[in-house]
Amino acid sequence: TNTNGDYQFNGLIPGIGYEIRFRHPTTGLVYGSPISSEPGVDLSYSTIRGLTLAAGDNILNQSLPLDPAGVIYDSLSRTPITGAVVSISGPGGFDPAIHLVGGLPNASQTTASDGFYQFLLLITAPAGTYTLSVLEPAGYLPGGSVLIPECSNTLAVTALPDPALVHNSASAPLESAAVHDPIACPATTGGLAASAGSTQYYLSFNLTPGVSGDVVNNHIPLDLITSGAFSVIKSTSKVSVSIGELVPYTISVTNNLAATLNALIDVEDQIPPGFKYIAGSARLDDVALEPQVNGRSLVWPNLTFTANQTRLFKMVLVVGSGVSEGKYVNQAWSKNNLLGQIISNIGTATVRVVPNPIFDCTDIIGKVYDDSNRNGYPDQGEEPLPGVRLATARGWLVTTDEFGRYHIACAAVPNAQRGSNFILKVDERTLPSGYRITTENPRVVRLTRGKVVKANFGATIHRVVRLDIANDAFITRESQLAEGFDKRIDELLPLLQQAISVLRINYLAEFESEALAEERLAQIKELFSERWLALDCCYNLIIEEEIYWRNGGPPILKQQDSVEVQP
């Protein structure tokens, strides 16, 4: 048929009986019931049978007034559904092959883009209860619509009206159509007209073929299962919180559908473990509305959303005393309370529980001072050392002020039962020229939760005795001192005994390998250590080592070429 519904067959052979059958253009399902202006034709099979043409005949008005039995449509968007399979079953003795227009292929019909379905019974079909069933396409809720349930009773189809309009339109009900009460639907087709503007529909019919009128516009809805029907955004104005602190949250819920959902939506919020809802703090669109509290779940039930509406929920939680430090995620979503399924994304808001600066943290304070008497303790009158840098094992750096003081706020949160260790070290490169540490460095201090710990560091100018030694002091290519040089070491020991000193041994290297230079330096250090211990002197001698390369670095030794000898 063309856009006007017209069709035409030309050049038919006269004297032959013709039959006209109408089919759906996509699915191929047989349509009925046609009308004909020609006498003697047979319309009993919902086709036009027995058309015999004489030469030159031009037969007009062999037509099909199409009354769709109904469409399968989406309960939310109210648009036709493609791919739904609609089937019919009947009482005992019903055989679709001989009792249904279109035969057995028409007994189960897959909807096209128009959502259309139609079942036409021949007058030979048995009387009784006929039932429709719908197999939903992928993405739709099985078992029929929950949002718009079918009429619970069986419709008794009487002779009049014919046709009987279940709905007053040939297309799916509009969003403004009243949702019917499934237990209060009309019992007979004679009562349909009063509620034909609602969403009423039936899946069960009591029919007497040949007597009952046609039932049309029986539109059947299906519920789409989708996570995109609503959008949820969860947010909080705080990033870091402590135990006992209040945390405000906002939930933004948006209806993405161009349809009003009346009392169908539940908004649910799952609070983090250890957090607690503050009763009376909840607001919906700035109006107080308490949620249903069930453990960690907060639910605002049976909410109505108009088309594309956004609603704001606000509430306040408190961080419980048993919450440990770390990240805590609050989640929110919307559900269809009839389907019991989530129809939105999961909105999240994350806060970090951090130590309380008063009750959980441990501060470290101290100073770096000029330990002029080298006793390792800050005595009265000893001057501070400003601008000295200290480092922690975590990579934190702190510099002393003009009074040599430093402060590390909330250096750590020690274990509540047994405390924790903390390592701190002075960067000796930042000490004034000539100064060396006189106290333990690095230093390990024991921290207790909520307490302040002091760690002082002493440094002072040391007496440095320098010993320069070179290749001439050793036997060639060995690390053993040449004869007479070890006596020079004995001459140096009394000088070291005169006052607390630091011995710095400089090895002046030129042509020897780096390994040999290091070995010789170690030999000298070991020799000095042994002789100093033997003296049993008054302080611990600090020995520093350094290699000085006359040419700027170790020599590059040329490897000899290897020769391969063949057997």
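This is a predicted model: local features need pLDDT of at least 70, side-chain atom pairs count only at pLDDT 80 or more; totals for chains, interfaces and linings use all residues.

Trainee: In what order do β37, β38 and β39 lie in their sheet?

Mentor: The order is β37-β38-β39, an open sheet of 3 strands with parallel pairing. Because β37 (463-470) and β39 (542-549) each have a single partner strand, they stand at the edges and one side of each lacks a neighbour in the sheet. The twist from one strand to the next averages 20 degrees. Strands here are DSSP runs of E with at least two residues, helices are runs of H or I with at least four, and both are numbered from the N terminus. Two strands pair if DSSP finds at least two bridges between them.

Trainee: How many bridges join β37 to β38?

Mentor: There are 8 bridges between β37 and β38 (residues 501-509). Within this pairing, Leu467 stands opposite Ile505 in β38.

Trainee: Which strands does helix α2 lie across?

Mentor: Helix α2 (residues 485-497) lies across β37 and β38, and runs at about 165 degrees to β37. Helix α3 (residues 514-535) also packs on the sheet, where it touches β37, β38 and β39 and makes about 155 degrees with the direction of β39. Such angles run from 0 to 180 degrees between N-to-C directions, with axes fitted to C-alpha atoms, for helices over the stretch in contact. Contact means heavy atoms within 4.5 Å.

Trainee: And which residues of α2 are buried?

Mentor: They are Ile489, Leu492, Leu493 and Leu496. These residues cover an arc of only 120 degrees around the axis, so they lie on the same side of α2; the arc is taken from the directions from the helix axis to the C-beta atoms. Their cover includes β37, β38 and α3. The face turned away from the buried side carries the exposed residues Lys487, Arg488 and Glu491. Buried means under 20% relative accessible area, exposed over 50%, and partly exposed in between (1.4 Å probe, protein chains only).

Trainee: Changing topic, where is Asn330 found?

Mentor: Asn330 is found in strand β25 (residues 326-336), and it counts as buried at 0% relative accessibility. Its contacts beyond four places in sequence include Tyr249, Asp269 and Met315.

Trainee: How many salt bridges does a search of the whole structure find?

Mentor: The search finds 17, a salt bridge being a side-chain nitrogen of Lys or Arg within 4 Å of a carboxyl oxygen of Asp or Glu. One of them joins Asp286 and Lys314, with the closest N and O atoms 3.9 Å apart. Asp286 lies in the loop between β20 (283-284) and β21 (287-288), and Lys314 in strand β24 (residues 310-319), 28 residues apart. At 64% relative accessibility Asp286 counts as exposed, whereas Lys314 is partly exposed at 37%.

Trainee: What does Arg550 meet in a salt bridge?

Mentor: Its partner is Glu510, at 3.8 Å from N to O. Arg550 lies in the segment after β39 and Glu510 in the loop between β38 and α3, so the pair ties together parts 40 residues apart in sequence.

Trainee: Are Glu512 and Arg520 buried or exposed?

Mentor: Both Glu512 and Arg520 are buried, and their side chains meet in a salt bridge of 3.7 Å, N to O.

Technical notes:
Residues are numbered from 1 along each chain as its sequence is written. Side-chain values use heavy atoms; hydrogens and water are left out.
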